[in-house]
Amino acid sequence: MNRNLQNIHKGAIVKYSFCHSEPKGRRISIVKRASIGFLTLLICILPCPAHATSDAIIAIVNDDVITLKDLRQYVSSIAGQLKVENKSPEEIQQVMGDYEQKGLDKLIEDKLILAAANTKGIDVRQDIVDKRMQEIKARYTNEDDLVKALNTEGMTLGDLQQKLTDQLKVKYEVDMEVRDKIFVNPQDVTDYYNNHLHEFDRKPKVNLQSIFVSFDKHSKQEARTRADEARSRMIAGEDFDNIFQKYSDSSSLGEIEQGQMVDSVENVVFNLKLDEVSDPVEVQNGIYVFKAIGISPGKQQTLAEVKDQIYNKLLDDEFQVKFKEWVDQLRQKAYVEIK
């Protein structure tokens with residue numbers, strides 16, 4: 001579950017993610033943009049037994065059987081609901097990532113957790129479900145648009161409401177049995193900081209306006225002349241966009257961190273003063289001229305600055321361990337057979 005959620009029994013529901021084992025702040029930082037055919041591709045590549053038909057039984061959970069069709073519908077419904085909720089392609093890709101390889105495990109996991117919640121008699125207050133429905137409806141111009149989006153995904157308002165109810169039950173059960181039992185000692189936060197100081201060492205950064213004159217487009221002499229002209233106009237304070245349009249053969253570099261560029265460039269740009277224009281810097285394929293428009297010196301972040309970040313990491317790490325232990329216990333108590 002998304003750690004942005006507060007406990008149901010504490011009242012407010014903020015947002016919900018289908019990946020109930022996904023920790024906060026640990027999502028993939030670079031994702032492929034989901035294409036229009038992402039869902040179809042995902043369903044087609046879900047692992048399944050060789051030559052299995054859509055009605056083939058691929059798992060048994062207690063008294064329930066799971067067919068390949070069930071698995072595909074399960075994954076489809078999750079992606080469909082995310083689309084109904086107007087999630088961005090990137091958000092859908094992030095949430096659905098694990099389902100590509102672990103869809104069956106997650107379906108079994110959800111069934112076990114929901115069964116545990118139902119055994120306890122957990123009941124989600126209707127006003128909480130209604131609030132979540134209203135949040136979704138607010139993303140549409142009117143309710144008709146939402147209904148159309150649901151129909152496109154083969155769902156009704158009733159289906160959506162039931163899914164939200166079940167998801168909230170799962171969330172509440174995980175909170176009670178795992179998350180609420182985790183405690184991070186403040187001393188552990190301090191110890192982590194002291195033992196991982198290098199993680200909180202922020203390198204110097206400089207924000208650059210840059211002109212690049214390419215040797216591929218100009219002779220070396222022409223390139224040097226153009227670079228000198230561009231530098232003179234930058235020093236004179238002319239509008240950078242105009243200079244850039246006339247002289248540059250590549251995009252402006254913007255902000256860079258120490259260690260990202262070749263030494264010949266870094267030795268120049270990290271010694272510039274604010275608003276200073278560099279001499280032309282010749283590299284293998286052309287000549288650069290830089291102007292520093294922002295400078296961020298390196299620093300060691302203090303414990304006070306990063307304590308929340310460390311706390312969340314330790315909490316997430318502990319949650320992953322405890323959650324797996326708990327789900328394994330649910331599996332041991334249940335009858336689970338994967339075909």
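**Exercise 1.** Find the salt bridge that Glu305 forms with Lys299 in this predicted model, and state how exposed its two residues are.

*Solution.* 
Step 1. The side chains of Glu305 and Lys299 meet in a salt bridge, with an N to O distance of 2.7 Å.
Step 2. The cut-off for a salt bridge is a Lys or Arg side-chain nitrogen within 4 Å of an Asp or Glu carboxyl oxygen.
Step 3. Glu305 has a relative accessibility of 44%, so Glu305 counts as partly exposed.
Step 4. The relative accessible area of Lys299 is 39%, so Lys299 is partly exposed as well.

**Exercise 2.** Describe the contact between Arg125 and Asp127 in the same terms.

*Solution.* 
Step 1. A salt bridge joins the two side chains, at 3.0 Å from N to O.

**Exercise 3.** Which strands make up the open sheet, and in what order?

*Solution.* 
Step 1. The sheet has three strands in the order E2-E1-E9, with antiparallel pairing.
Step 2. Strands E2 (64–67) and E9 (336–338) are at the edges with a single partner strand each, so one side of each has no neighbour in the sheet.
Step 3. On average, neighbouring strands are turned by 20° against each other, direction ignored.
Step 4. Strand E1 (residues 57–61) is joined to E9 by three bridges. Ile60 has Glu337 of E9 as its bridge partner.
Step 5. Helix H2 (residues 68–84) lies across E1 and E2 and runs at about 75° to E2.

**Exercise 4.** Strand E2 contains Asp64. Determine which residue forms a salt bridge with Asp64, and where that partner lies in the chain.

*Solution.* 
Step 1. The partner is Lys111, and the closest N and O atoms are 3.9 Å apart.
Step 2. Lys111 belongs to helix H4 (residues 99–120), and the pair links distant parts of the chain, 47 residues apart.
Step 3. Asp64 has 39% relative accessibility, so Asp64 is partly exposed.
Step 4. Lys111, at 29% relative accessibility, also counts as partly exposed.

**Exercise 5.** How many salt bridges does a search of the whole structure find, and which residues are linked in a network?

*Solution.* 
Step 1. The search finds 17 salt bridges.
Step 2. The network of salt bridges links Lys120, Glu173, Glu177 and Lys181.

Definitions and conventions: Residues are numbered from 1 along each chain as its sequence is written. This is a predicted model: local features need pLDDT of at least 70, side-chain atom pairs count only at pLDDT 80 or more; totals for chains, interfaces and linings use all residues. Side-chain values use heavy atoms; hydrogens and water are left out. Two strands pair if DSSP finds at least two bridges between them. Helices (H or I, at least four residues) and strands (E, at least two) are DSSP runs, numbered from the N terminus. Axes are lines fitted to C-alpha atoms, for helices over the stretch in contact, and angles run from 0 to 180 degrees between N-to-C directions. Contact means heavy atoms within 4.5 Å. Buried means under 20% relative accessible area, exposed over 50%, partly exposed in between (1.4 Å probe, protein chains only).
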